[in-house]
Structures are given as structure tokens and as C-alpha cells.
Amino acid sequence: MNSTSYINVLIVEPSSIIYEGFNCILSGGGLRLRMYRAENFDAIEQCILSKKVNVAIVNPLYVQNNEKGFHSLRASYPATSWVALVYAFFDQRLISLFDGSISISDSPESVIQLVKQNASTGNRETANEEVLSERETDVLKLLATGLTNKEIAEKLNISINTVITHRKNITQKTGIKSVSGLTIYAVVKKLVSLDYLSE
């Protein structure tokens with residue numbers, strides 16, 4: 001990671017005291033940080049897309065009853081490192097779903113070091129992000145409006161197989177698999193507007 005780059009850190013934690021504590025520790029660690037907070041699982045995806053989060057520090061409580069959703073998020077955003085924020089007992093199998101873990105009893109130095117290491121990993125993957133072709137962008141725009149593969153094929157006058165190929169390329173280039181995630185991506189990248197989606 002470039003030494004002048006900011007590290008975007010998302011903390012997904014319901015407790016304001018815990019959030020403020022980690023914010024204070026990380027802000028005092030000499031790193032160039034932008035801190036964000038999500039108070040529920042549903043807000044994670046939107047924040048990752050709009051803020052380009054390098055490291056997401058997540059209370060495993062949110063994952064415990066939504067492992068499928070967590071796997072989907074990890075697959076959709078491989079450039080983000082996922083760190084468990086542990087201050088209660090959780091099964092080790094659950095903690096192993098993350099790239100690392102922070103305990104509330106860890107020293108400030110070890111917390112800062114772990115965030116720095118995970119941010120470097122995420123940034124290398126971000127650098128590999130590829131640009132969509134003009135046709136892939138056309139497919140993405142129509143996909144964001146809720147059209148099916150068949151409807152997109154008819155609209156662009158191409159075969160369904162070609163649409164499927166473009167969709168695979170879009171997923172490969174963006175790292176996003178879900179239609180909802182691709183829709184948010186299209187809005188954040190200003191490929192479509194919210195007004196366009198509501199038409």
C-alpha cells in the first residue's frame with residue numbers, strides 16, 4: 001500500500017463505546033485512516049461500495065445467524081479484508097470465517113498492526129480491478145433495472161449466451177456476484193442514476 005494512501009476502515013458494531021474505543025486506538029496509531037461505522041449487517045454492502053473499504057471489522061454476532069450472507073459478501077468483495085471483533089465467546093469455526101481477529105484485550109499496538117497488515121492485502125487486490133467494456137457496461141445498466149437475461153438480449157439485439165458471457169466478465173472484473181451488489185456498484189460508479197432505476 002502506498003504510504004500516502006488512506007486506509008478505509010469499517011467497524012460493524014452495535015456498541016458506541018466499543019466503536020469509539022477502537023476509533024481512538026486506530027486514530028492514534030500513526031495511520032492515515034478514514035473510519036466508518038455500520039450498525040447492522042444490511043448496511044455493510046452499501047458502505048463497502050461507496051467508501052471502498054479496505055478492512056471491515058465485524059462483530060461476529062452479525063455473522064452467527066447469517067453465515068450465508070457473510071459468505072456472499074466475502075465472495076462479492078474480495079478486496080476487503082474481514083476481521084472479527086471478539087469480546088464474547090464464539091465458536092472457533094465461526095471466527096475462522098474471517099481473515100483475522102481482534103480481541104478486546106489485545107494491545108493497541110497489535111490492533112494497529114493487524115489492521116495495517118490486512119489493509120495491505122486488500123489494497124493489492126483492489127489494484128487489479130479491471131475496467132468494464134462498453135458492452136459490459138450496457139449489460140450492467142440493464143441488469144440494474146431488473147431486466148432478465150432474455151430481456152437484456154432482446155434489448156441489445158444479442159443472444160442470451162452473449163449476455164451470460166458479459167455477466168460472467170462483469171462479475172470477474174468487479175468481484176461482485178449479486179444483482180443487488182451490481183446495482184449499487186452501477187449507482188456508485190455513476191453508470192446509472194437512482195432516477196433512472198425508478199423509471
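Q: Which residues touch the most other members of the largest nonpolar core?
A: Leu 10, Ile 44, Val 58, Trp 82 and Phe 98 do, in a core of 42 residues. A nonpolar core is a set of buried Ala, Val, Leu, Ile, Met, Phe, Trp, Tyr and Cys residues joined through side-chain atoms within 4.5 Å. Helix H7 (residues 134-144) gives the most to this core, with 5 residues. Helices (H or I, at least four residues) and strands (E, at least two) are DSSP runs, numbered from the N terminus. Another core, of 20 residues, lies apart and includes Ile 11, Leu 26, Leu 33 and Val 83.

A word on the source: this is a predicted model, where local features need pLDDT of at least 70, side-chain atom pairs count only at pLDDT 80 or more, and totals for chains, interfaces and linings use all residues. Residues are numbered from 1 along each chain as its sequence is written, and side-chain values use heavy atoms, with hydrogens and water left out.

Q: What makes Phe 70 and Trp 82 an aromatic pair that is edge-to-face?
A: Rings of Phe, Tyr and Trp (its six-membered ring) pair if their centres lie within 6.5 Å; planes under 30 degrees apart are stacked, over 60 edge-to-face, the rest tilted. Here the centres are 5.4 Å apart and the planes stand at 85°. So the pair is edge-to-face.

Q: Why does this pair tie together parts that are apart in sequence?
A: Phe 70 lies in helix H4 (residues 67-76) and Trp 82 in strand E4 (residues 81-86), so the pair links parts 12 residues apart in sequence.

Q: Why is the pair of Phe 70 and Phe 98 called tilted?
A: Its planes make 40°, with 4.8 Å centre to centre. Phe 70, Trp 82 and Phe 98 form one aromatic cluster. Phe 70 and Phe 98 are both buried (under 20% relative accessible area; exposed is over 50%, partly exposed in between; 1.4 Å probe, protein chains only).

Q: How do you know that the charged end of Arg 34 sits over the ring of Tyr 6?
A: The rule asks for NZ of Lys or CZ of Arg within 6 Å of the ring centre and within 35 degrees of the ring normal. Arg 34 meets it, at 3.9 Å from the centre. Arg 32 also sits over the ring of Tyr 6, at 4.3 Å.
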